[in-house]
Amino acid sequence: MAPSKQYDEGGQLQLMEADRVEEEEECFESIDKLISQGINSGDVKKLQDAGIYTCNGLMMHTKKSLTGIKGLSEAKVDKICEAAEKLLSQGFMTGSDLLIKRKSVVRITTGSQALDELLGGGIETLCITEAFGEFRSGKTQLAHTLCVSTQLPLHMHGGNGKVAYIDTEGTFRPERIVPIAERFGMDANAVLDNIIYARAYTYEHQYNLLLGLAAKMAEEPFRLLIVDSVIALFRVDFSGRGELAERQQKLAQMLSRLTKIAEEFNVAVYITNQVIADPGGGMFITDPKKPAGGHVLAHAATIRLMLRKSKGEQRVCKIFDAPNLPEGEAISFCLLVLVYCLCYSLL
């Protein structure tokens with residue numbers, strides 16, 4: 001494993017030794033450990049070629065999908081799964097054990113104290129956080145801020161890790177990262193070097209980018225994956241009611257992959273979503289819009305945030321759905337203040 005980056009007291013990036021990274025951040029079993037359980041190295045290579053780099057990720061695949069990998073028979077798949085089960089504990093656990101396991105969750109600051117308090121500390125790892133709203137409501141701006149805050153050390157409410165950014169709308173701007181990094185007292189060039197970026201043009205391309213991420217996350221300490229936006233390409237590549245069922249099935253597979261990445265590598269997944277008009281909203285609803293993606297996306301996202309415009313340049317964030325957070329709203333500062341000035345009490 002290559003050395004990763006860490007910060008000194010002044011917020012500047014510095015190298016962290018590889019063995020220390022493994023001690024502090026490695027939360028999965030490498031697929032290479034199957035060799036010690038009697039699995040042929042050639043079969044392990046086939047798994048890696050299919051985008052499976054950890055035993056945790058292996059157990060998230062069905063045997064049907066594994067037998068679809070060229071060169072792996074049903075007998076080989078059974079033997080591989082049996083070996084992986086010996087390395088992992090995939091059974092039941094007590095609530096107390098789960099509570100201890102949940103202590104590994106990292107909450108990444110959003111740059112806004114009011115929004116952090118609303119979210120119980122920030123954007124969580126091990127789950128998908130969805131932000132939806134109409135254009136210019138602040139979804140992408142928040143994504144840019146998270147690209148920087150994720151790289152802060154843990155004691156500054158960061159994630160001490162790298163960022164992967166999948167852009168489906170062409171709205172990522174590296175020049176925006178520079179003033180945000182400077183406000184945090186960080187080296188802008190080093191921050192940009194810790195962000196890997198990919199532009200997706202079709203839903204298939206988007207899914208293939210997720211498959212390739214496993215190799216990078218198994219080697220380097222990532223803490224955040226951003227998909228902006230998750231639904232855009234599906235609305236382009238599938239049209240009409242005749243293709244709706246297929247679209248929703250492909251979308252479900254994409255979201256399932258995101259969930260597995262979040263839990264496999266202990267990363268936060270932040271996705272943005274568009275809104276659609278809701279004709280059935282009723283005449284008494286002041287803003288008859290709803291998030292795109294239907295029930296498939298609604299069930300996949302762990303925490304759903306609704307962003308909307310307020311007076312002037314203010315933005316309002318509302319907890320739309322969350323398993324452990326009460327309903328509430330946070331009124332941000334002016335959008336430019338939130339993104340560029342980042343008036344956060346710890347700074």
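This tour visits some of the salt bridges in a predicted model. The structure holds eleven of them. Side chains of opposite charge can pair when their charged atoms come close.

Start by selecting Lys33 and Glu29. These two residues form a salt bridge, and their closest N and O atoms are 2.6 Å apart.

Next, select helix α2, residues 41-49, which contains both Lys45 and Asp49. The two residues are four positions apart, about one turn of the helix. Their side chains form a salt bridge, with 2.8 Å between the closest N and O atoms. Is Asp49 buried or exposed? Asp49 is exposed, because its relative accessible area is 57% and the cut-off for exposed is over 50%. Lys45, at 44%, is partly exposed.

Now select Arg102 and Glu124. A salt bridge joins their side chains, at 3.5 Å from N to O. This pair links distant parts of the chain, 22 residues apart. Arg102 sits in the loop between α6 (95-101) and β3 (107-108), while Glu124 belongs to strand β4 (residues 123-124). Arg102 is partly exposed, with 35% relative accessibility. Glu124 has a relative accessible area of 4%, so it counts as buried, which means under 20%.

For the last stop, select three residues together: Asp43, Lys46 and Lys76. Salt bridges link these residues in a network.

Terms used: Residues numbered from 1 in each chain as written. Predicted model: local features only at pLDDT ≥ 70, side-chain atom pairs only at ≥ 80, totals over all residues. Heavy atoms only, no water. Salt bridge = Lys/Arg side-chain N within 4 Å of Asp/Glu carboxyl O. Buried < 20%, exposed > 50% of the residue type's maximum accessible area, 1.4 Å probe, protein only.
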